[in-house]
Amino acid sequence: DLSAAQKKFAHSLRDFKFEFIGDAETDDERSIDASLHEFSNFLKNLEEQREILALSVTETLIKPLERFRKEQLGAVKEEKKKFDKETEKNYSLLEKHLNLSAKKKELQLQEADNQVELNRKHFYDLSLEYVCKLQEIQERKTFECVEPVLSFFQGLFTFYHQGYELAKDFNHYKMALQINIQNTRNRFEGTRSEVEELMNKIRRNPQEHKRANHLTMEGYLYVQEKRPAPFGSSWVKHYCTYRKETKKFTMIPFEHRSGGKVGDEELFILTYCTKRNIDTTDRRFCFDLEASDRPGVPVTMQAFSEEDRKLWMEALDGKEAVSDFFFHVHLYERHNCNGALKLFIHFFSLLGAQLDKIGFTVIKKCISAVETRGINDQGLYRVVGVSSKVQRLLSLLMDAKTCNEVDLENSVEWEVKTITSAMKQYLR
């Protein structure tokens, strides 16, 4: 059991490696890894020698002693049985002879005496042989039993000597390990004071000491997962990351109570991000994301706080949400483009949202085109355009380089329903 346990321990040490914080291991950490690996080899070799010792015990100690017991002691036991039998026969015959009547004829008495004498000689010879056998086995014990014991101890001494040799080979690793341990212990004291000092600096000003990261934003968000009626929807915590330069958004289901990640990573390209108004959901701090491969199917997410939502919205270039109020703008100022724009501006100011220079240009171009070309169209703002064309128009309008080049009033390339759909999506 000891050998099996030490072999298992050696196997664990062979694969063991400390995880470290930072960009690279220190010399001490590398040396500790090497020493533990060597200690694993030391244990493995030692247990191999122990296994050889255990196997040799059978051959050098147990089998010779068993052979001596069976062949030598067994033979003497047979001699003893034979001797005991003859002894009983001899004394029985002698007792019978002594009970013989003296009145018997001389010839009968002489014949009985001869018979007793022959039996006595036979018993005497048998006794000598038995005594000789006892003497022989007594002498054999001293070497037949002790020699296997000596062989066993010789194997034991060899095992310990090999352990001693292995220990000598490991000695310089042991010495280095003691130095490494002392170095790491000394460094621990200095590092701890540095870490505490840095911790206090971060507490005083978290933003200044933000860790450099290739990700624009990362953190935990609750994602709304819609389920079939009547189950409604559930909110599942995900660990989310976002890279602004590639617009790649990833999220992994995460459950702290079960030890971490509980699902596969999901990745999509972000199209837009919109803040959710309180009146559209029963939860606070929510915003919507739309993926390029799922247009019109927003994913609702919840941040941990209003400040957390602002950070995400800023990173994701999020916009304030708007209602469907603009569907009715032209009913208000049907023939007055400036009036419609004023109404839009007033509406945005009520929402607390602001249009930048490009935003004014996009809205102005779209309303102007609708006033010029489609004011009398049936289903204005209701009939939707082709999704791919709407997306292409939006990308041209939202790019500062191409926005002014797009001619919506005179170009037949852009249908009115494409323009109205682009305008609605832009305002969303």
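**Exercises on helix packing and a partly exposed residue**

Helices α8 and α10 are roughly antiparallel to each other, and the angle between them is the reason. The model is predicted.

**Exercise 1.** Derive the relative orientation of α8 and α10 from their packing angle.

*Solution.* Take α8 as residues 357–373 and α10 as residues 416–427. Their axes are 10 Å apart and meet at an angle of about 150°. Angles over 145 degrees count as roughly antiparallel, so this class applies to α8 and α10. The crossing of α8 past α10 is left-handed.

**Exercise 2.** List the residues that make the contact between α8 and α10, and sort them by class.

*Solution.* From α8, the contact uses G359, V362, I363, C366, I367, A369, V370 and R373. From α10, V416, I419, T420, M423, Y426 and L427 take part. Sorting by class gives eleven nonpolar, two polar and one charged residues.

**Exercise 3.** Compare the span of α10 with the expected value, then state how many of its residues are buried.

*Solution.* From first C-alpha to last, the twelve residues of α10 reach 17 Å. This is close to the 16 Å expected at 1.5 Å a residue. Ten of the twelve are buried, leaving α10 mostly covered. Among the buried residues are T418, S421, A422, K424 and Q425.

**Exercise 4.** Is E79 buried or partly exposed? Describe its surroundings.

*Solution.* E79 belongs to helix α2, residues 27–98. Its relative accessibility is 23%, so E79 counts as partly exposed. Leaving out residues up to four places away in sequence, E79 touches Y130 and K133. S127 is 48 residues from E79 along the chain, and their C-alpha atoms are separated by 9.9 Å.

Notes: Residues are numbered from 1 along each chain as its sequence is written. This is a predicted model: local features need pLDDT of at least 70, side-chain atom pairs count only at pLDDT 80 or more; totals for chains, interfaces and linings use all residues. Side-chain values use heavy atoms; hydrogens and water are left out. Axes are lines fitted to C-alpha atoms, for helices over the stretch in contact, and angles run from 0 to 180 degrees between N-to-C directions. Helices (H or I, at least four residues) and strands (E, at least two) are DSSP runs, numbered from the N terminus. Angles under 35 degrees count as roughly parallel, over 145 as roughly antiparallel, 65 to 115 as roughly perpendicular and the rest as oblique. A crossing is left-handed if the near helix is turned anticlockwise from the far one by less than a right angle, and right-handed if clockwise. Contact means heavy atoms within 4.5 Å. Ala, Val, Leu, Ile, Met, Phe, Trp, Tyr, Cys and Pro count as nonpolar, Asp, Glu, Lys and Arg as charged, and the others, Gly among them, as polar. The expected span of a helix is 1.5 Å times one less than its number of residues. Buried means under 20% relative accessible area, exposed over 50%, partly exposed in between (1.4 Å probe, protein chains only).
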